[in-house]
Every structure is written in structure tokens, then in C-alpha cells.
2 protein chains.
Amino acid sequence: MSFRKVRNAHKTENTEDYLELIAELLNSKGEARIVDIANELSIAQATANKTIQRLHNQGFIKKQPYRSIFLTVKGQQIASKSKKRHNTVLKFLMNLGIDQKTASADAEGIEHHVSEKTLKKMEKFNSAKKIV
Amino acid sequence: MSFRKVRNAHKTENTEDYLELIAELLNSKGEARIVDIANELSIAQATANKTIQRLHNQGFIKKQPYRSIFLTVKGQQIASKSKKRHNTVLKFLMNLGIDQKTASADAEGIEHHVSEKTLKKMEKFNSAKKIV
DNA sequence: ATAGAAATATAGCCATAGCTATATTAATTA
DNA sequence: TAATTAATATAGCTATGGCTATATTTCTAT
């Protein structure tokens with residue numbers, strides 16, 4: 001059993017979710033605020049703030065005190081990679097015949113645990129569009 | 001986005017891994033020891049011990065100090081459910097054409113995030129045995 | 001321009017999971 | 001049986017993510 005990989009995935013999971021969400025907010029609303037992040041994730045603002053501080057310390061985020069949030073190049077790279085992976089998993093689940101809502105919820109959890117190899121197979125399946 | 005579900009899954013994830021592993025050890029070796037658990041999970045014995053204490057407090061495990069570990073009925077139920085889910089995901093990934101090693105690693109992470117609906121679809125896919 | 005509202009930040013708490021070091025108990029073997 | 005080894009337990013540390021309460025700053029509207 002290879003549980004180490006899973007635990008390592010966990011460390012980056014929250015980071016990926018935040019960066020993906022920030023990228024989305026920047027894209028749709030033009031800015032990413034702590035308030036929006038907290039709402040989207042259904043957590044307290046203080047919790048969002050704390051995580052944002054961590055992401056800032058780790059160089060994924062650019063921000064000034066009391067101002068909204070931007071992604072560094074490093075942050076953007078992870079965000080786009082995560083988004084791509086998310087879409088692949090979501091489409092895959094829907095092609096499998098799962099309804100949008102369930103597929104969306106499951107994809108959220110699954111996306112962080114899918115290897116490159118598996119992702120490739122899912123893409124292949126998606127382009128073949130074989131519904132079983 | 002439904003991140004709350006993912007976070008709730010995380011809380012039970014480690015619990016499920018432990019209970020599944022303990023059931024396996026009981027089955028294969030006849031007993032489950034902290035040493036074995038720590039080795040299997042590649043963590044320190046002190047860490048395994050601490051989690052085992054938590055599982056004991058939460059009523060998933062029966063044990064006496066300095067003795068090996070057993071599952072309560074509650075623990076057994078979760079273990080067998082987890083095992084079933086794990087096998088379904090593993091078979092599914094392999095039917096998708098993913099090699100045993102990769103499938104095994106991915107299943108470890110994915111199994112905790114698969115809803116009942118998705119699990120059903122995977123089972124259906126598995127019994128159809130359609131390799132794409 | 002300033003008062004009140006909204007957003008951000010900080011402090012301090014809890015639980016979990018990880019670690020090393022050390023103590024205690026059980027098992028083995030000389 | 002006694003000494004050594006192995007296993008378990010405990011103490012104390014770190015980091016993460018969750019919370020509420022409160023302070024501070026910025027925004028908005030009168």
C-alpha cells in the first residue's frame with residue numbers, strides 16, 4: 001500500500017483548491033477577495049485569511065495588507081494545472097453517466113488523487129466519448 | 001463548488017485507512033500490532049499509537065494496554081465498507097487500462113471521494129468489462 | 001468629511017497528524 | 001531466571017485547518 005502518496009497529496013490539496021478558486025475569481029469578477037473565498041469554501045473569513053497568509057509566505061500569492069489577492073507565476077502554474085485536471089475528471093465522470101451535480105462534487109475530491117497515467121486514460125475515454 | 005464534502009471526507013479518510021488496514025492484518029497475520037501498522041503506513045510508531053488511541057476513544061477499536069488491536073462491530077462495518085469501495089475503484093481503474101501499481105496508488109486516494117452513485121457506475125462498468 | 005458598514009487582520013482556542021526522545025512493559029534468548 | 005531486545009506508551013514539539021471574538025483598516029453613503 002502506498003499511503004505516503006495520499007498524505008503528500010493532502011498537503012497540496014488545500015493549496016490547489018485555493019489557487020484554482022482564486023484564478024476563477026480573478027477571471028470572473030476581476031478580483032479575488034478573502035470574503036469571496038470564505039463564502040465559496042463555506043469557511044470563516046479568519047480561516048481563509050490564515051490560509052492566504054500561508055500561501056503568501058510560500059510564494060503562491062501576491063498581496064498588500066487589506067487588499068485583494070493575485071497569483072504569482074508559481075501560483076498561476078498550479079492553478080491552471082489543477083483546473084485542467086479538474087475538468088478532465090469532471091468530464092470523465094459525466095461521460096460515465098453521472099449527473100452534473102454528483103460528478104461535480106466527486107471531481108472536487110478525486111482530482112487531487114489522479115496520477116498522470118490515469119489522467120491520460122480519462123482523456124482518452126473522454127475523446128472516445130463512449131458511454132457505458 | 002462543494003468543498004465541504006471533501007473536507008468532511010478528509011476527517012474520516014485516515015480512520016478508514018487504519019480500519020481497513022487493521023482488518024487486513026487481522027485477516028492475514030491473525031493480529032494487528034502498532035509496529036505493523038506503522039510499517040505499512042510508513043509512519044513513526046508514536047504516530048500510529050496516537051491515532052490508535054483516538055480510534056479507541058471513538059469506539060472503533062478494542063484493545064488492552066501493550067496488547068494488539070481488534071475491531072469493534074462499528075469498526076468492522078467501516079472496514080468492510082471501505083474494502084469493498086477500494087476494490088471497486090481498483091478494478092475500475094484496471095479495467096480502464098491502468099497498470100496494477102498505478103491503479104493501486106490512485107485507488108488509495110480516490111476511494112474516499114467516490115459517492116454511492118459513482119460507485120454504482122463503476123461497478124456497472126466493471127461487470128461490463130469494457131476496455132476502452 | 002465623517003459615521004457606519006464591510007472587509008481584513010490578529011489573538012487565542014481546539015483537533016489532527018506528523019516527528020524525536022524517552023520511559024515502561026512484554027517477549028526472547030542466553 | 002536474568003538480561004537484552006522489541007513493542008508500546010508518553011511527553012513535548014511543529015504545522016495545518018477549523019472556530020469565535022475583537023481590533024484595525026478601507027469603503028460607502030449620508
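A residue is termed buried under 20% relative accessible area, exposed over 50%, and partly exposed in between (1.4 Å probe, protein chains only). The structure is a predicted model, in which local features need pLDDT of at least 70 and side-chain atom pairs count only at pLDDT 80 or more, whereas totals for chains, interfaces and linings use all residues. Residues are numbered from 1 along each chain as its sequence is written, chains are lettered from A and ligands numbered from 1 in the order in which they are written, and side-chain values use heavy atoms, with hydrogens and water left out.

By this definition B:Ser42 is partly exposed, with a relative accessible area of 38%. The residue is not a glycine, yet its phi is positive, at about 55°. B:Ser42 is located in the loop between α2 and α3 of chain B; helices (H or I, at least four residues) and strands (E, at least two) are DSSP runs numbered from the N terminus. In chain A, A:Ser42 lies in the loop between α2 and α3. A:Ser42 has a positive phi of about 55° although it is not a glycine, and its relative accessible area of 35% makes it partly exposed.

A further loop residue of chain B, B:Thr72, is found between β2 (70–71) and α4 (73–95). B:Thr72 counts as buried because its relative accessibility is 16%. Contact being defined as heavy atoms within 4.5 Å, B:Thr72 touches B:Gly59, B:Phe60, B:Ile61 and B:Lys62, residues up to four places away in sequence not being counted. Towards B:Gly59, the side chain of B:Thr72 reaches the backbone oxygen at 2.7 Å.

The contact between the protein chains was examined next. Chain A contributes 38 residues and chain B 38 residues. Together, chain A and chain B bury about 3600 Å², of which 64% is on carbon and sulfur atoms; buried area is the accessible area (1.4 Å probe) that two parts lose on being put together, summed over both. Polar contacts are pairs of N or O atoms within 3.5 Å; within protein, one atom must be able to donate a hydrogen and the other to accept it, and residues adjacent in sequence count only if both atoms are side-chain atoms. Across the interface of chain A and chain B, 11 residue pairs are in polar contact, with both residues at pLDDT 80 or more. The side of chain A that touches chain B receives at least two residues from each of α1 (3–29), α2 (34–41), α4 (73–95), α5 (100–110) and α6 (116–128) of chain A. On this side α1(A) gives the most, with 9 residues. The residues of the side of chain A that touches chain B comprise 15 nonpolar, 9 polar and 14 charged, where Ala, Val, Leu, Ile, Met, Phe, Trp, Tyr, Cys and Pro count as nonpolar, Asp, Glu, Lys and Arg as charged, and the others, Gly among them, as polar. There are 2 salt bridges between chain A and chain B, a salt bridge being a side-chain nitrogen of Lys or Arg within 4 Å of a carboxyl oxygen of Asp or Glu. In one salt bridge, the side chains of B:Lys117 and A:Asp99 meet at 3.6 Å, N to O.

DNA strand D is surrounded by 22 residues, the closest being A:Arg67, B:Arg7, B:Gln45, B:Asn49 and B:Lys63. Of the atoms of DNA strand D that come within 4 Å of the protein, 72% belong to sugar and phosphate. Phosphate oxygens of DNA strand D are approached by an N or O atom in the side chain of A:Asn14 at 2.8 Å and by a polar side-chain atom of B:Arg7 at 3.0 Å. A base oxygen of DNA strand D lies 2.5 Å from a polar side-chain atom of A:Lys50. Two or more residues of the surface near DNA strand D come from each of α3 (45–57) of chain A and α2 (34–41) and α3 (45–57) of chain B; α3(B) gives the most, with 5 residues. This surface has 9 nonpolar, 6 polar and 7 charged residues.

Around DNA strand C there are 21 residues, of which A:Arg7, A:Gln45, A:Lys63, B:Lys50 and B:Arg67 come nearest. Sugar and phosphate make up 71% of the atoms of DNA strand C within 4 Å of the protein. An N or O atom in the side chain of B:Lys50 is 2.4 Å from a base oxygen of DNA strand C. The elements giving two or more residues to the surface near DNA strand C are α2 and α3 of chain A and α3 of chain B.

Methods
A residue is near a molecule or strand if one of its heavy atoms lies within 4 Å of it.
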